[in-house]
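Here is a short briefing on one protein model. Look over the sequence and the structure, then work through the points by topic.

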Amino acid sequence: MNETLKVLETRRSCRSFKPDMIKKEELDAILRAGTYSATGMGKQSPVIIAVTNKELRDAISEENRKIGGWPEGFDPFYGAPVILIVLADKAVRTHIYDGSLVMGNLMNAAESLGVGSIWIHRAKEEFESEFGKEILKKLGIEGDFEGIGHCALGYAAAPAKDPAPRKENYVYYVD
Ligand SMILES: Cc1cc2nc3c(=O)[nH]c(=O)nc-3n(C[C@H](O)[C@H](O)[C@H](O)COP(=O)(O)O)c2cc1C
């Protein structure tokens, strides 16, 4: 199996992160891989907000926890020090597909560098709220952007679980 296929198959969601910040080179390489994902008609509808600021990271976690309905003190980002938020421009018909593919690139690039990752949901609700809109405003991001997902990043504090067996009939061959 070549290295790319190995990465695609061995990537697993990380649910226990060390607090240590990942290296800047690693973060930049992961972000770059995200920006090179395919997009409908090449329109590059997504944007990625890379959050390494602890205060904002904790505020996003708290907002996400409330949306998810978890009890106080739960961190939906499992202690990850970095949150990459992927949003995509609603004006582009393929924006959800585009943003999802960016998420995939980010997670697979992280795996290739030995950085743990996981997709954390509820970005849509987060960026429909005043909380999210304020983040976009402060960054000068104009337009109508939909939250697609958060890619939480960091070094794994525990080994990931084995993958679930692949379901039967995942693939249908037509020869
Ligand atoms: C669209 C999407 C949303 C997800 N949201 C969450 C989430 O909010 N919290 C979480 O712990 N895992 C979340 N996950 C991770 C999945 O639970 C995980 O990918 C799945 O269990 C398969 O495990 P694997 O990633 O290790 O292969 C999400 C994954 C996807 C693709």
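Ala, Val, Leu, Ile, Met, Phe, Trp, Tyr, Cys and Pro count here as nonpolar, Asp, Glu, Lys and Arg as charged, and the others, Gly among them, as polar. By that scheme, the shell around the ligand holds 4 nonpolar, 2 polar and 4 charged residues. Keep in mind that this is a predicted model.

**The ligand and its shell**

- Which residues are around the ligand? They are Arg 11, Arg 12, Ser 13, Arg 15, Tyr 78, Ile 118, Trp 119, Ile 120, His 121 and Arg 122.
- Arg 12 places a polar side-chain atom 3.0 Å from an oxygen atom of the ligand.
- Arg 15 also uses its side chain: one of its polar atoms there lies 2.9 Å from a ligand oxygen atom.
- His 121 takes part through its backbone, where a polar atom is 3.0 Å from an oxygen atom of the ligand.
- On its own, the ligand has 620 Å² of accessible area, and the protein covers 60% of it.

- Arg 122 belongs to the shell around the ligand. Its place in the chain is the loop between S3 and helix H5, which spans residues 123–128.
- Is Arg 122 buried or exposed? Arg 122 is buried, because its relative accessible area is 17% and the cut-off for buried is under 20%.
- The phi of Arg 122 is positive, near 75°, and this residue is not a glycine.

**Helix H4**

- H4 runs over residues 95–112 and has 18 residues. From first C-alpha to last it reaches 26 Å, close to the 26 Å expected at 1.5 Å a residue.
- An α-helix has 3.6 residues a turn, so residues three or four places apart point the same way.
- The buried residues of H4 include Asp 98, Val 102, Leu 106 and Ala 110. Gly 99, Met 103 and Met 107 are also among them.
- What do the buried residues of H4 pack against? Their helix partners are H1 (3–10) and H2 (24–35). Their strand partners are S1 (46–51), S2 (82–89), S3 (116–120) and S4 (145–154).
- After H4 comes Gly 114, with a positive phi near 80°.

**His 95, in H4**

- His 95 lies in helix H4.
- Why does His 95 count as buried? Its relative accessibility is 9%, and buried means under 20%.
- The side chains of His 95 and Glu 146 are joined by a polar contact of 3.0 Å.
- Leaving out residues up to four places away in sequence, His 95 touches Ser 45, Ala 88, Asp 89, Lys 90, Glu 146 and Ile 148.

**Ala 33, in H2**

- Ala 33 sits in helix H2.
- Ala 33 counts as partly exposed because its relative accessibility is 24%, and that class lies between 20% and 50%.
- Not counting residues up to four places away in sequence, Ala 33 touches Asn 105 and Ala 109. Ala 109 is one of the buried residues of H4.
- Ala 33 and Ala 164 are 131 residues apart along the chain, and 27 Å separates their C-alpha atoms.

**Gln 44, in a loop**

- Where is Gln 44? Gln 44 lies in the loop between H2 and S1.
- Gln 44 counts as exposed because its relative accessibility is 59%, and exposed means over 50%.
- Gln 44 is not a glycine, yet its phi is positive, about 50°.

Note on methods
Residues numbered from 1 in each chain as written. Predicted model: local features only at pLDDT ≥ 70, side-chain atom pairs only at ≥ 80, totals over all residues. Heavy atoms only, no water. Helix = DSSP H or I, 4+ residues; strand = E, 2+ residues; numbered from the N terminus. Expected span 1.5 Å × (residues − 1). Buried < 20%, exposed > 50% of the residue type's maximum accessible area, 1.4 Å probe, protein only. Contact = heavy atoms within 4.5 Å. Polar contact = N/O pair within 3.5 Å; in protein donor to acceptor, adjacent residues only side chain to side chain. Near = heavy atom within 4 Å. Areas by Shrake-Rupley, 256 points an atom, 1.4 Å probe, with all protein chains shown as cover.
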